[in-house]
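Biologist: I would like a close look at one part of this model. Please take me through it step by step.

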Amino acid sequence: MIIKLSPVRSDTELAVTKVGDTLVINGVALDFSRLEDGSTLAAEAVGSDWIAQAVERVNGNLVVTLMLPHAADAPELARFPVDIINPADGPMHLPGLDVGSAQQPAVNGVIDWAQMVTQAMKSEAAAEQRLAQVVAQAAARRAAADSAIAPLQDAADLNKATEAEAAELTTWKDYRIALNRVPDQPGYPDTIDWPVAPA
């Protein structure tokens, strides 16, 4: 577990106890054991005002950011706290605050697990975003090809194309065909060998 601390000027008391993947914050137990590796849980999904940012599990480590209240005359280590890495079970020492005695949870905290974003969901969203970017890029290249082909095709249709224009028209059409076949490439859309536009 990694506890990140976000200092805030406040005279409110904060007591935290760790029990495995459960944090007991001021008497409210929040069990994060269901959070899968690579998943994220929005701060709003956790029924605690002390959770400052989304809760994540990164490489097996539960990462929780807590607001850290401190007095006006708090020491520097409370105003600029460092991360607490792999704290032992039991009452947690927070910079600038008394550890206090071991606390027992008064109530079980509420976590809206429907808001959990899993690694699979993140991967799917990233894949969709990548595909959208590739489709947009292909559309832009296709539009440029269409724009170049249109006047050359007009000249060809009216039998007014010069030899050079006819050759250029063929080159641009070959390019457009290659663009249309980009989705057939084995690595699409992650790896693309874009055809080179005619000079």
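Which residue with a positive phi follows helix 2? Please go on from there to the helix itself and its surroundings.

Modeller: Asn-159 follows helix 2, and its phi is positive, near 55°. Keep in mind that this is a predicted model.

Now the helix itself. Helix 2 covers residues 119-157, 39 residues in total. At 1.5 Å a residue it should span 57 Å, and its end C-alpha atoms lie 54 Å apart, so the two values agree. Helix 2 has a kink of about 30° at Ala-150.

Next, burial. Val-134, Ala-145, Ile-149, Leu-152 and Ala-155 are the buried residues to look at in helix 2. Helix 3, residues 163-180, is part of what covers the buried residues of helix 2.

Turn to that partner. Helix 3 has 18 residues, which should span 26 Å at 1.5 Å a residue; its end C-alpha atoms are 26 Å apart, in agreement. Its buried residues are Leu-169, Trp-172, Tyr-175 and Leu-179. They cover an arc of only 125° around the axis, so they sit on the same side of helix 3. In general, an α-helix has 3.6 residues a turn, so residues three or four places apart point the same way. The buried residues of helix 3 pack against helix 2.

Now the other end of helix 2. Thr-118 sits in the loop between strand 11 (116-117) and helix 2. Is Thr-118 buried or exposed? Thr-118 has a relative accessible area of 13%, and buried means under 20%, so Thr-118 counts as buried. Beyond its neighbours within four places in sequence, Thr-118 contacts Glu-36, Gly-38 and Ser-39.

Last, the cores. The largest nonpolar core has 28 residues, and Phe-32, Leu-41 and Ile-51 touch the most other members. Strand 1 (2-9), strand 3 (22-25) and strand 7 (61-70) each supply at least two residues of this core. Strand 7 gives the largest share, four residues. Setting aside residues up to four places away in sequence, its contacts include Leu-23, Leu-41, Val-46, Ile-51, Leu-62 and Trp-113. Asp-21 and Arg-57 are also among the residues that Phe-32 touches. Val-134 and Ala-145 are buried residues of helix 2, while Leu-169 and Leu-179 are buried residues of helix 3.

Notes
Residues numbered from 1 in each chain as written. Predicted model: local features only at pLDDT ≥ 70, side-chain atom pairs only at ≥ 80, totals over all residues. Heavy atoms only, no water. Core = buried A, V, L, I, M, F, W, Y, C linked by side-chain atoms within 4.5 Å. Buried < 20%, exposed > 50% of the residue type's maximum accessible area, 1.4 Å probe, protein only. Contact = heavy atoms within 4.5 Å. Expected span 1.5 Å × (residues − 1). Bend = angle between axes of the 7 residues up to and from the residue. Arc of directions from axis to C-beta.
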